[in-house]
Amino acid sequence: MSGTASPATEQISGTLPRPREPRRFSFNPRQSGIYVAFALIVVLFSVLTGGTMLQPENISNIIVQNSYVLILAIGMILIIIAGHIDLSAGSVVAVTGAVSAVLMVNLDIPWLPALLITLVVGGLIGAWQGYWVAYFGIPAFIVTLAGMLVFRALTLTVLGNQGIGPFPDPIRTLSNGFTDGYLGNIGLGPLGGADLVSLLVGVLVVAGIAVSQWRARRGRLQYLQAVDPLPVFLLKTGGAGVVVLAVVVQLARFKNIPWVLVLLAALVLFYSALTTRAVFGRRIYAIGGNLQAATLSGVKVKSVVFWIFVNMGVLSALAGVIFAGRLNQAGPTAGTSFELDAIAAAFIGGAAVQGGVGKVVGAITGGLIMAVINNGMSLIGAPSEQVMLVKGLVLLAAVAYDIWTKRRGAAAR
Amino acid sequence: MTEFILTMAGIGKSFPGVRALADVSLSVRHGEIHAICGENGAGKSTLMKVLSGVYPHGSYDGEITFDGQRCEFGGIRDSERRGIVIIHQELALCPQLSVAENIFLGNEQASGGLIDWNRTNQRAGELLDRVGLRESAVTPVGELGVGKQQLVEIAKALSKKVRLLILDEPTAALGADDSAHLLDLLRGLRADGVTSVIVSHKLNEIMAIADSITVLRDGRTIETLDVAADTVTEDRIIAGMVGRDLEHRFPPHEPKIGAEALRIEDWTVHSPTRPDHAVVDRANLVLRRGEIVGLAGLMGAGRTELAMSVFGRSYGRDISGRLVKDGRPIEVRSVREAIANGIAYVTEDRKRYGLNLIEDVKRNISAVGLSRLARRGWVNENEEFQIAGRFRASMNIKVPTVNTLTGTLSGGNQQKVVLSKWIFTDPDVLILDEPTRGIDVGAKYEIYSIINRLADEGKAVLVISSELPELLGLCDRIYTLAAGRITGEVSREQATQERLMRHMTRNQEQNP
């Protein structure tokens, strides 16, 4: 890669500022606070549950039980960055779950085409809402509030008052199943047996993280950008590797890697890249950051807003199929209040109410914080009203913290 | 008691990077109409905001004495309690509420927490009689024209037992009849003992109504004229407003004027809120490559509206006229088409319309030309960093790194970021709207140098500015705009501030 980039570098290096002294480790409380909070919450519940929290089966459960909310959170964060909101996600989950059940169970259409049709239906639902928001100019709050009622009503119309099931095996495997132990188990000393394929995947993922981080660092250095000092870089990358490996080892000791985790990982990778590196993603931040400036910069505001709602519809349909597959039936009350969990995940994950700010990884972390609170509190036997109470206060505290750090930052200027 | 109801002494007010008021003194006699004149940016509005408490005591220097008492207003409510009421240029009425509700907004006619509607509407009716507005008190304000809304504002001021009424550009949006009525009303109030301070650009109106005239320039009081005692003429006022010698330093520039780049023909733009009102009226302009053309006009003349309507119809409705680029007629229906045709517009309000303040320098610079840095929709971030670094060096943007948020920068550096953003699109025609507003003197010089450089690269540059010396020092040719019409075209050699100001203050009646 040095062959193509270096001539340009040499050509203008005379005018470029000199490479800055690599900064000492810097801590940005507004961005990093969420990850620290997540770590603390995990530690807290690990202690409170006497270690049950981190048992292989429980880690697997947390992932599988929350996958659909995390998928919704990915779509939601894009909408929130653009300065909008989607209250209809839960109802769209229900109606698309019902559609997939009708296709697969009642009409006996093979699972793959049925899944694709369901995703298209989700996209059309998103296009419907996106049209009213982007082109007609109705606030998203109203459009999706209407959608929340309309799509719940359509669910009830399709399903009547009963569920449709059971789903074909591939769908159940996608929602609930695990990768096979193709290569058998391997002994891990005191940890007992673990699936070799899962472990290999884990090692590959860690290696992938390390290589891509290293290459990004090399590229930045080539362009004379400031990077973390080498020890900090190694610590960060190594830390991430250790966490990933630890989770994979625990999963390998249980039933191998859940398929939804594979799906989720792919979605997170894709949407992280989309938001940070794609032109389309940049437009979303531009719109949320300053709508007028984006308009006067030639951003096709309406089109971008339309497509993020289409995207939300597709992701809601995916979540709808997975949720139905997990319960093995599409029910009339499916997805109730999922939208609120997804919205909460986005805001806990550092999104700003005014738009323009937020990260996919942040929304996932926000979703995981709520998942861990849910899981941990139910493990220690707390009643559901207490769980709700704590989740509500955590949401409030997260946004209050965000506003507080912002205000302090502004005052320091 | 002295003869003065209000004295402001040694008023100074600074904003980050700008000194808006340096040393202003103002003395207003009991019961007079006192006019304040000055160019845009002379500090008139800032002064009025200091007086009315919008800028609270402690945020400015100097002393205010009202009715013999020192004033230390913490906010608008404090000044209103003393009887000082300000009517802003942008009217602050709620269009959905009735006339009566607007008049008593914040001062509701209530007993025991319940609004007494009979009393509200009756007293509103009395006030409407006093200002000569024949409308029902229950009419929604939104159904009234601007002139009548202005009268509602005055009625509202009267309801607060006003002693000093401040009007900021009260007739800027009014037609001749409404203006005449408003001036009559002010004379009537003077007879009732109400003192008025009127900020206005319209010198003929000031001459007709004012007892005293204070001229501001560059945040200082230049002189106060007594209309009865001194011989006051419009020329005398203009001389005071613009009288500064060209001590501003402008980078030397030898223009290399080339072929015609953009021709704007018969350009007419109607107001989006008042479809019958032509904000720009049959304007014709020619911009040539390598030439810096100025567009002068007072506030409300339609300068920004002209520029934004050309820039992809970003303002206005019922736009008619032709655009000819490099000899070929072009259709520019959207901002994207404007950019595609090599037109760039740098807004006068960079914080609201120019920048994403919560994003960093490099992403603001790449915002318009992002596709140049992308392959198949994916941005090359290293390339982006490099480009931003190049602009940082060539435009001398003073930031620690290009990852700094633009919201933390000074006005001058923010403006360099906005200019970089548009230069990155490699336009042929740049429209710069108030390019040095809110920028300190040193950074202004840098901006002028950048503008000269752009012209030397063969770009056509249109500079809109309220500061006449800036236009005189920078431009090769200057158009003047008044009430939406081009009222003059002056070459660099012929241009003087007095001449431009005369063109700019031409009212419609004088310019058939």
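## Buried area between domains 2 and 3

In this predicted model, domain 2 and domain 3 of chain B bury about 1,200 Å² between them, buried area being the accessible area (1.4 Å probe) lost when two parts are put together, summed over both. Carbon and sulfur atoms give 69% of that area. On the domain 2 side, B:Pro427, B:Glu446 and B:Ile450 supply 36% of the area buried against domain 3 of chain B, more than any other three residues.

The model is subject to pLDDT limits: at least 70 for local features and 80 or more for side-chain atom pairs, while totals for chains, interfaces and linings use all residues. Residues are numbered from 1 along each chain as written, chains are lettered from A, and side-chain values use heavy atoms, without hydrogens and water.

## Domain layout

Chain B is divided into domain 1 (4-242), domain 2 (260-342 + 427-510) and domain 3 (356-426), with bounds from an automatic or database domain assignment. The centres of domains 2 and 3 of chain B, taken over C-alpha atoms, are 26 Å apart. In contact (heavy atoms within 4.5 Å) are 16 residues of domain 2 and 14 residues of domain 3 of chain B.

B:Glu446 and B:Lys398 form a salt bridge through their side chains, at 3.2 Å from N to O.

Terms used: Salt bridge = Lys/Arg side-chain N within 4 Å of Asp/Glu carboxyl O.
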